[in-house]
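Thanks for asking me to look this over.

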Amino acid sequence: MPRLNDQVRELLQEYADLINITGGDAFRARAYEKAARAVGEHTADIDGLDAKALQKIPGVGRSTAEKVAEYLATGHIPALEKLRAEIPPGVREMTAVPGVGPKRALALHRDLGLSSVDDLAAAIRADRLSGLAGFGDRSAEKILHGIELMRQSGGRTLLDAATELAEQLVEALSRVPGCTRCAYAGSLRRMRETVGDVDVLATAADSAPLMAALTELPYVAEVIGSGPTKTSVRTDRGVQIDLRVVPEEDWGAALVYFTGSKAHNIRLRTMAVKAGLKLSEYGLFEAEGGAKLVSATEEEVYAALGLPWIAPPLREDRGEIEAALRGELPDLVQESDLRGDLHTHTDLTDGLATLTEMVDTAAARGYSYYAVTDHAPDLVMQRMTDEKMLAQREQLRELAGRHRKLRLLHGTELNIGPEGDVDWPAEFLAGFDVCVASVHSHFALDRAAQTRRLVRACENPYVNVIGHLTTRRLGRRGPIDVDLDAVFAAAARTGTAIEINSSPQRLDLRDEDVLRAKEHGVRFSIDSDAHATGQLAYPRYGIGTAQRGWLTTEDVINTWPWQRLKRFLHKTGR
Ligand code: DGT
Ligand code: CA
Ligand code: CA
Ligand code: ZN
């Protein structure tokens, strides 16, 4: 639950937006907007205040104070609810699209019946905006661009889009004459789940050709700033790129600095100061006299501070410096350690590729085992039946000899019901080699009920892996409310693995929760949840999350040889 002040801020902002959309007094709308910010930024809790006390908050007028007092007393603001009844929430979302605004949103709703940003995008693609009063020729194009910008989820870019962009950049810049080294740094190198911008570092004696090459790339739409050491641009998809160019001899110090995180850098700098040194992006220097000690490689910089090299996903000041000093850094799991994938789909349910196509792609990845886990019948729109599932099993058994080194596992992705029950009875479940179980419905259950259903799912002797535990979708849907510690304890106790779902839209569990789960002794499965052959490559992102959660091969069941995994999958009680 957000702080009460924040709840009220959001309600007042919504009220202001709805006044604007319905063509109400703009002055009144602005007053509510201002009051919204005032309440949000007010340091004391507004809980229990009456109208008179609320009005003492600077920026809160009488009518706002009355509405807030009413909300605190009854949980309702009738004036807001009246406007809500007139305007679907999607219309308010449309106002936030660059180039739309309240007047146009209302026109689009009234004249074309549009009620969401998705509606709007579809209408533009179907050319339904042309001829509409107040919309010139180029406005549809601009609005579509605005929608794309907005979808960069709160200004942050998903890991797959950022990685693709960064790899293209590094390739293009490496080819520029005079460039001796080039790599991406920042949060992307640390494998954070989303990135604010893409940081690229290069070395050259003369930076000018590199800076020019960046600004001339076809997908660069805007140059934000350019100088001899740093150039910032924005792509046509709204992603910012920062390029820094340093002399080759400073590569290591610059890479440490621009990889971050800021918190990790601050720790390193403090260590340097204590040793009578000074650390910057230009190198490690003696504080007195300023002689440069090292700067050429990351290893040298860490070594001069008395540390081993620290892998970028660990550089968050979450204990990595202490572990490094004790010589106890984890031997992190690598993508090449993965021997199989335990959560994938085919076109029997909502996948795009056939069973054979998926199996062939898995074999090409060099896996030694591979599970097909199509959706179970309770996810009604997937139309699964016992017969279809058994027929798929037959088909899979027939493919058994197709790839000599690949063991094929027949599995399913069960639906965890509101009470923690799953789709099939024990006799049918016993026929699967592996069962993933996931929450696909009842996202709004309260914490106790949510926890109960997930603990019960762990206790089911046929459930091997809990899929995408919190069900969040980055930038689109928040996590369910659940007592994770209780679920982790149950998973560890029952021998149920928790998935790291590698889809860049999910990355669920997230890194902090992985760290916590590991404390409980939980085992993990890093899966693609692929719905197409290309998505079988998703574990490269899940591995990032696993590394940020300090995991080793010991923690990850699908790095284990088949015989060991097989014993794990046979839970007690079966
Ligand atoms: P992001 O872009 O928000 O996902 O996160 P980062 O970590 O990529 O942050 P960014 O792009 O602002 O800066 C890249 C790195 O540069 C950052 O990880 C550490 C370093 N850096 C930036 N500003 C500072 C600073 O004020 N102090 C220190 N020590 N390092 C900084
Ligand atoms: Ca960055
Ligand atoms: Ca940056
Ligand atoms: Zn799935």
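**Notes on the sheet and the metal site**

1. Strand β9 (residues 283–286) runs antiparallel to β10, and two bridges join the pair. Within that pairing, Phe285 has Lys292 of β10 as its bridge partner. Please keep in mind that this is a predicted model.

2. Zooming out, the two strands belong to an open sheet of three, ordered β8-β9-β10 and paired antiparallel. The edges are β8 (277–280) and β10 (292–294), each pairing on one side only. On average, neighbouring strands here are turned by 35° against each other, direction ignored.

3. The sheet also has a helix packed on it: α14 (residues 262–274) touches β8 and β9. The direction of α14 makes about 155° with that of β8.

4. Now to the metal. Which residues coordinate the zinc ion (ligand 4)? The donors are His343 (NE2), His345 (NE2), Glu413 (OE) and Asp529 (OD), at 2.0 to 2.4 Å. Along the chain, their spacing reads H-x1-H-x67-E-x115-D.

5. His343 sits in the loop between β11 (340–341) and α17 (355–364), while Glu413 belongs to strand β13 (residues 407–415), so this pair ties together parts that are 70 residues apart in sequence.

6. A word on geometry: the angles among the four donor atoms of the zinc ion (ligand 4) span 82 to 175°, and the site is irregular. For comparison, four tetrahedral donors would ideally give 109.5 degrees.

Terms used. Residues are numbered from 1 along each chain as its sequence is written. Chains are lettered from A and ligands numbered from 1 in the order in which they are written. This is a predicted model: local features need pLDDT of at least 70, side-chain atom pairs count only at pLDDT 80 or more; totals for chains, interfaces and linings use all residues. Side-chain values use heavy atoms; hydrogens and water are left out. Donors are N, O and S atoms within 2.8 Å of the metal (3.2 Å for Na, K and Ca); water is not among the atoms, so sites may look incomplete. Four donors count as tetrahedral if all angles lie between 85 and 135 degrees; four count as square planar and six as octahedral if opposite donors are over 155 degrees apart and all others between 65 and 115; anything else is irregular. Helices (H or I, at least four residues) and strands (E, at least two) are DSSP runs, numbered from the N terminus. Two strands pair if DSSP finds at least two bridges between them. Axes are lines fitted to C-alpha atoms, for helices over the stretch in contact, and angles run from 0 to 180 degrees between N-to-C directions. Contact means heavy atoms within 4.5 Å.
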